[in-house]
Amino acid sequence: MIKVAVLDDYQEVFKQIIDIEKFKGKYEFKVFNKHCKNEKEAIVELEDFEALFIMRERTPMTKSLIEELPKLK
């Protein structure tokens, strides 16, 4: 199962636009409603995820952040 982090869903709409039941068994979603305060916090929060679903631009996707998340596919 692929672990997916849904980032910056501060309006809590992800579950309204995506029928997560359709993806059960293939994907495991974790929704983050608040953005990480800094890159270090983001690395800790996202280290176990294999994919990122980015809802907003609040969490900066920097080269250094991506490089610190080796499980991303």
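1. Partly exposed describes a residue whose relative accessible area falls between the two cut-offs, buried being under 20% and exposed over 50%. D48, at 37%, is therefore partly exposed. The model discussed here is predicted.

2. D48 takes part in a salt bridge with K71, the side chains meeting at 3.3 Å, N to O. Because D48 belongs to the loop between α2 and β3 while K71 belongs to the segment after α3 (63–67), this pair ties together parts that are 23 residues apart in sequence. K71 is likewise classed as partly exposed, with a relative accessibility of 44%.

3. The search of the whole structure returns 4 salt bridges. Among them is the pair K63 and E67, whose closest N and O atoms are 3.9 Å apart. These two residues sit within helix α3, 4 residues apart, which is about one turn of the helix. K63 is exposed at 65% relative accessibility, and E67 is exposed at 53%. E21 and K24 form another of the salt bridges, at 3.5 Å from N to O; K24 is exposed, its relative accessibility being 59%.

4. The strands form an open sheet of 3 members in the order β2-β1-β3, paired in parallel. β2 (27–31) and β3 (51–54) are the edge strands, each pairing on one side only. From one strand to the next, the twist averages 25°. Between β1 (residues 2–7) and β3, the parallel pairing comprises 4 bridges. Within it, V6 has F53 of β3 as its bridge partner.

5. Is E50 buried or exposed? Its relative accessible area is 18%, so E50 counts as buried, the cut-off being under 20%. A polar atom of the E50 side chain lies 2.9 Å from the backbone nitrogen of K3. Beyond its neighbours within four places in sequence, E50 is in contact with M1, I2, K3, K71, L72 and K73. K71, one of these contacts, is also the salt-bridge partner of D48.

6. M1 lies in the segment before β1 and is exposed, with a relative accessible area of 60%. Which residues does M1 touch, not counting those up to four places away in sequence? They are G25, K26, Y27, E28 and E50. For Y27, the separation from M1 is 26 residues in sequence, yet 5.3 Å in space, C-alpha to C-alpha.

How values were computed. Residues numbered from 1 in each chain as written. Predicted model: local features only at pLDDT ≥ 70, side-chain atom pairs only at ≥ 80, totals over all residues. Heavy atoms only, no water. Pairing = 2+ DSSP bridges. Axes fitted to C-alpha atoms, helices over the stretch in contact; angles between N-to-C directions. Buried < 20%, exposed > 50% of the residue type's maximum accessible area, 1.4 Å probe, protein only. Contact = heavy atoms within 4.5 Å. Polar contact = N/O pair within 3.5 Å; in protein donor to acceptor, adjacent residues only side chain to side chain.
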